[in-house]
Each structure stands twice: as C-alpha cells, then as structure tokens.
Amino acid sequence: MYELLDQIEKENDIKKIPSEDHNELAREIRAKLVQSVSETGGHLASNLGTVELTMAIHLLLDFPKDKLVWDVGHQAYVHKMLTGRKNQFDSLRKLDGMSGFPKIKENPADTFDTGHSSTSLSVALGLAKARDLKGEDNKVFAVIGDGALTGGLAFEALNNAAQLRSNMVIVLNDNKMSIARNVGGLSNYLGKLRTSRKYRNLKDNVEQALDKIPNVGQGVTSKIRKAKDSVKRLFVPGMLFEDMGLIYMGPVDGHNIDAMLTAFRTALEVEDQPVIVHVVTKKGKGYRPAELNPSGFHGVDKFTVSSGQLEEKDDLTYTKIFGQWMLAAAKSNRELVSVCAAMPDGTGLTDFSKNFPTRFFDVGIAEEHAVTYAAGMSAGGLRPVVSLYSTFMQRAYDQVLHDVCLTRQPVIFTLDRSGIVGRDGETHQGIYDISYLSTMPNMRILSPMDGEELVESLNYALTHPDGPIAIRYPRGKAFICPRKNKTKFQEGKAEVLTRGKDVLFLAVGNMAEMCLRAAQLLAKHGVSSTVVNMRFIKPWDKELVEEEAKKHRVIISMEDNVYSGGFSQQMEAFLKEKRIETPVSVLCWPDRFIEQGSPRELYIRYGLTPKAAAKKAYEELIK
C-alpha cells in the first residue's frame, strides 16, 4: 500500500527516492496520515498541509547533524515518518506510545522538545549561535506558522536574529490559519505579500520597457531606481523583515518541492545573515473534508475516512456550559467582553463571537497581550473574561501578576483544560495553575466540582468587582453531583457533601467525584467518611478544615494539580501550624512532567482514583 514510504526506514532515506517519484511519495504520506489519525485522533489538517514542505527540508538537510526546529510541533508527523517512525503511528498519542510532538528521546532528529507556540526562532537562534561559537558547520532551520508569528516571543527572536551575522533559515509556513482563522495586522501584511507578485512583475516590465527608449529611457529608469528606497516600503514584499536586518525570499509554492529546494539552497548561500523563506501552503491539502474544514480537522478524535464524518459527542462539557453562560450573561451585562488567544472554538466562544461580534476579541497567539489588553479594558470600565487553556495561561504569568493583580483589576480568568488533559502530554497538562496563581496577591481561585457549580462560580465572579478571579475546570463531560442538601454558595466557604467520623476527604474541583466514590467503597467496609468540596482554593476555608480535621482519624486530600505549591501542601502547612496531628495522605501529581495517555489511564498509573484513595485511607486507619 505504501511502496515508496516503506523504503524509508530511517532519517535521510528519502534521498534514495527518485525525484520523479516525489509526488507519489507525497500521496502515500497523506494516505498514511489520514488513515492513522482517523484511528487514533491527533492533528491532521496542519500535517496534510506540510507534506511537501517537510519532504523538501529532508531532501536538503542531513539528520541529525543539521538542526530542524518545529514551532509548536503538532505539524511534525511527516517528519516522524521520514525519520523511520511510520510503523509507530498506531500508538500515536497513546500511553507509552509515540508523542504527537517532537521528542528528542524518540529520535535525535527531533532536535528540541516543543509543544507551545512561538518558541522555534529563539531555539534556532540559540542553536546557530552555539554552532558558530563551537566552529561547526551544521545547517539550522526553523519552521514557524503565520499564526505562531503573532506571538511576542517570535518578534523578540526576529529582532535579535539580525545580530547573528551568520546563516540560519526561517521557514515561514503561511497557511492563513493557526487553529482558528488568523487575525490582526500581521495576517493582513502576509496577505499582501501573497499577492505582491503582480507588483513585482509590473515593476520589472516597466523598467525593461523604459530601458529600450533611446537617450531617455535609461535616465528615467535610473531616477526611478534612486527614488525607489523612499517608496518601496509601501509596496515591496518583505520590507518588514528586511528592515529588521533579515533577508526575505518568497512567497514560494509550499506544494512544489523543486521550487522550495531552489529557495532553500539559495537561502543557505547567504553566509552572513538569517534568511526568511516565505512558503505558502494549504491546510488540510489532499483530503477534501480537511480542506473544507481545516479548523475542525486541526485536532480531531477518531473519524470516518470515506465521509470525513467527525465523531459527534452530545456530552454536556464544562466548555459548553461556560459558552452558554457567556451568552446569557452578555445579554444582561453590557460591559461584559470576551478575550481569547486564537482558541475561540476550544474555549467555547464560537457562538458568543457570532452573537456579540463587537464584544469578542481574539488577539491571536498572544497570551501576554491578551491579559494586559484585558487589564486595560477593565481599567476603562468593562468586565473582561479572558479564556485560556490552563497550559497557555502559564505564558502570561508576569502580566497576570503585574498588570492585573497589582492594580487589582476585576478581570475574570476562565482556565479550560485544568488538571490532566491526556493525549497531548507533558507540554499541555494543566496541573500547575493552582500553584502559580496561589502566589499572587489579590487573586481569588475557584475550582468548581461540577457543571452547576461552574455556573455559580461564574455568577459570583461577575458580581465581584474587587480584584481578579480565576476559575479552573477540566476538559470533558461535566460531572453533576447528586446533592441532597445544597449548601449556599458563599465566598471562601467550602461545602460538606457527606458526613462521617472516620475519614475526612478534602476534594479540589473534579476530585470531588473521586472522593465521593472512594467514600462509597469505604462504606462497604464499615468506614464512614466526610467529603468536603473545597470550591475556593484561594482563600480556602481554613475554619472548616481545622474543625473537621480534629474530628476525624484520617485526612485524604485530592487535587488535580502538582503537590508543590498546591492546595494540599498549603493545607498540610496550616495543620502543622495549628498543631493538628491527624494523619494526612495526599493524592496529587508528583514533581515531574506527566506523560501522554488518556486521563483515566494516567489517574490509574499515578493513584488518583477512588480505589486508590479508599485503599490509602483504609491503610492509615489500620496502622
């Protein structure tokens, strides 16, 4: 089925494939991509768009001597195939399987572990500088998308790259999209570059025609050329990059291997400057459903290849609940505005953007700007809701601390995908937010245990004008707690879900479900439990914890966060200060990066399950 692709068993094998067979190899790669991702899920449209681009780079570079850095890395599936990992795609993004992102431990040709956006240029610049200082001669390539180029870190690297005084090649993969459609001035600028060929052709034709006029034409042409520098910035493609001290080439057809090879070889001939090669690709190319819906096929679960039908889930997720709340809240509160960073679909804001377009702001992949932009809007009298994935909130730590907390702006942060998220692995697990947000003065943190409490938390945040509030919630189907006697939602107060005398469970967020089930398991052995839904993580209910800790024989604390700086560590320190000696066992994530796998698999592996919690409690009781 894959006659040519099967000949590639390791890096550099692609060079053995005759050039006349390159188009067929590209077809086989796309077929393999579609078939594999349909069975495992993963990033599809971005990889389909970079098939020929990846092939061209591999035809040119010598791996692992030469260095290739992928921005984000979700588009590196083809790179993995061309470095001998095609037979590992049945384990893609599975527990102990092949990562969906570059990983040096998988293959040294991956060069650098990635997962977040806008980092490639800084890394590649560092690799190039290390090469120069060590007197080596390897080539350095960075591939960055037009969406990732909106990130501030990328511009910082571009500004610094002009000082390199030696060669590195920056491949700008321009597919007009990141995850959602690109927005902003840079997107418009790149759009102009794509259509600039008409201007260049017109300029060349005019100069050639003038040169042919005896005694007159050449003088006019000379004057035109002398005046060119004063006006070319209005017309000439790439002047933004040229003015930064970088050489610009393009646009180049990103599906024409020969054209890209010519451009890359020319770029490598420039010895004393970095070169940007602007490559235009089509996201989803070669698979019609992905071409028509590149956003939908960016990151997918399993789907049917023949129809392109994506598996639809009718589950009421936390993301959907938030999206519905935003629509309802915006109708009654005209000051409410929404800010996101290139993830309107993933954060549940698509309907809001359609219904309230003048109050919806997608700033692109620019989390730092999103936060400070919201701080400014808050200072101007609006009520901004900044919606980010927990893993991406990390990128704006200083802005949250300095521009929001310090000035006590009532910005609402909704952190989707908090806790373990699963198959995207180490770079995307949202298990640090409690720890870093807890260090910030004036910040309030809520971790609702179910969908109903998420709405209550959002309502509380909207009516709380004194400082910022972060509301964290997990990915996936919302838990609905079967509460008999609902406790009134009060600031800083926890909620007792069940009453017992032996074990005290302190549950953070979605761990409430785990604790309730653990309590049921213990009840079968005659052990009674109190389960507390902490709800507020900062400030947390110290009064209730102190009171209940004295009444019980064992304390079990569960949270979907790392131990260091988390609720459990804070709680243990508090009990020690109060000289309360009730034994405490903590079930949370260890001080290490958590690998890929489904949340259920990872909960089992690391002991964050009802069975593990019940066992731990029982062991403490019988000591």
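By class, how many nonpolar, polar and charged residues does the lining of the largest cavity have? In this predicted model, that lining has three nonpolar, five polar and two charged residues. The protein chain has an average pLDDT of 90, and 90% of the residues score at least 70, although pLDDT falls under 50 over residues 197-204 and is also below 50 over residues 223-236.

**Cavities**

- Rolling a probe the size of a water molecule over the atoms shows where empty space is left.
- Three cavities of 30 Å³ or more are found when the whole structure is searched, and the largest cavity holds about 50 Å³ of space.
- The residues that line the largest cavity are Ser418, Gly419, Ser447, Pro448, Arg472, Tyr473, Pro474, Gly509, Asn510 and Asp560.

**The second largest pocket**

- The second largest pocket contains about 360 Å³ of space, and of the 16 residues that line it, Pro482, Leu497, Thr498, Leu516 and Gln520 are the closest to its centre.
- Strand S14 (495-498) and helix H20 (511-523) each give at least two residues to the lining of the second largest pocket, with H20 providing the largest share, five residues.
- Sorted by class, the lining of the second largest pocket consists of seven nonpolar, four polar and five charged residues.

**Packing of H13 with H19**

- Two packed helices are described by the angle between their axes and the distance between the axes.
- For helix H13 (residues 318-332) and helix H19 (residues 451-462), the axes come within 10 Å and cross at roughly 40°, and the crossing of H13 past H19 is right-handed.
- On the side of H13 the contact is made by Tyr318, Ile321, Phe322, Trp325 and Ala329, while on the side of H19 it is made by Gly451, Leu454, Val455, Leu458, Asn459 and Leu462.
- This contact of H13 with H19 has nine nonpolar and two polar residues, and no charged residues.

**Backbone features**

- Most residues other than glycine have a negative phi, and most peptide bonds are trans.
- A cis peptide bond, with omega at about 0°, links Phe63 to Pro64, and Pro64 is placed in the loop between helix H3 (51-60) and strand S2 (67-70).
- Gly250 and Pro251 are likewise joined by a cis peptide bond, with omega at about 0°, and the place of Pro251 is in strand S5 (residues 247-253).
- Ser118 is not a glycine, yet it has a positive phi of about 75°; Ser118 is found in the loop between helix H4 (77-85) and helix H5 (120-134).

**Confidence of the model**

- Over residues 197-204, where pLDDT stays under 50, the model has six contacts beyond four places in sequence.
- Over residues 223-236, where the pLDDT is below 50, the model has nine contacts beyond near neighbours in sequence.

Technical notes: Residues are numbered from 1 along each chain as its sequence is written. This is a predicted model: local features need pLDDT of at least 70, side-chain atom pairs count only at pLDDT 80 or more; totals for chains, interfaces and linings use all residues. Side-chain values use heavy atoms; hydrogens and water are left out. Axes are lines fitted to C-alpha atoms, for helices over the stretch in contact, and angles run from 0 to 180 degrees between N-to-C directions. Helices (H or I, at least four residues) and strands (E, at least two) are DSSP runs, numbered from the N terminus. A crossing is left-handed if the near helix is turned anticlockwise from the far one by less than a right angle, and right-handed if clockwise. Contact means heavy atoms within 4.5 Å. Ala, Val, Leu, Ile, Met, Phe, Trp, Tyr, Cys and Pro count as nonpolar, Asp, Glu, Lys and Arg as charged, and the others, Gly among them, as polar. On a 1 Å grid over the protein atoms alone, a cavity is a set of points where a 1.4 Å probe fits but cannot get out, and a pocket is an open set with protein on both sides within 12 Å along at least five of seven lines; lining residues have an atom within 4 Å of a point. Grid points are joined across faces, edges and corners, and a volume is the space filled by probe spheres set on the points. pLDDT is the predictor's confidence in each residue, from 0 to 100.
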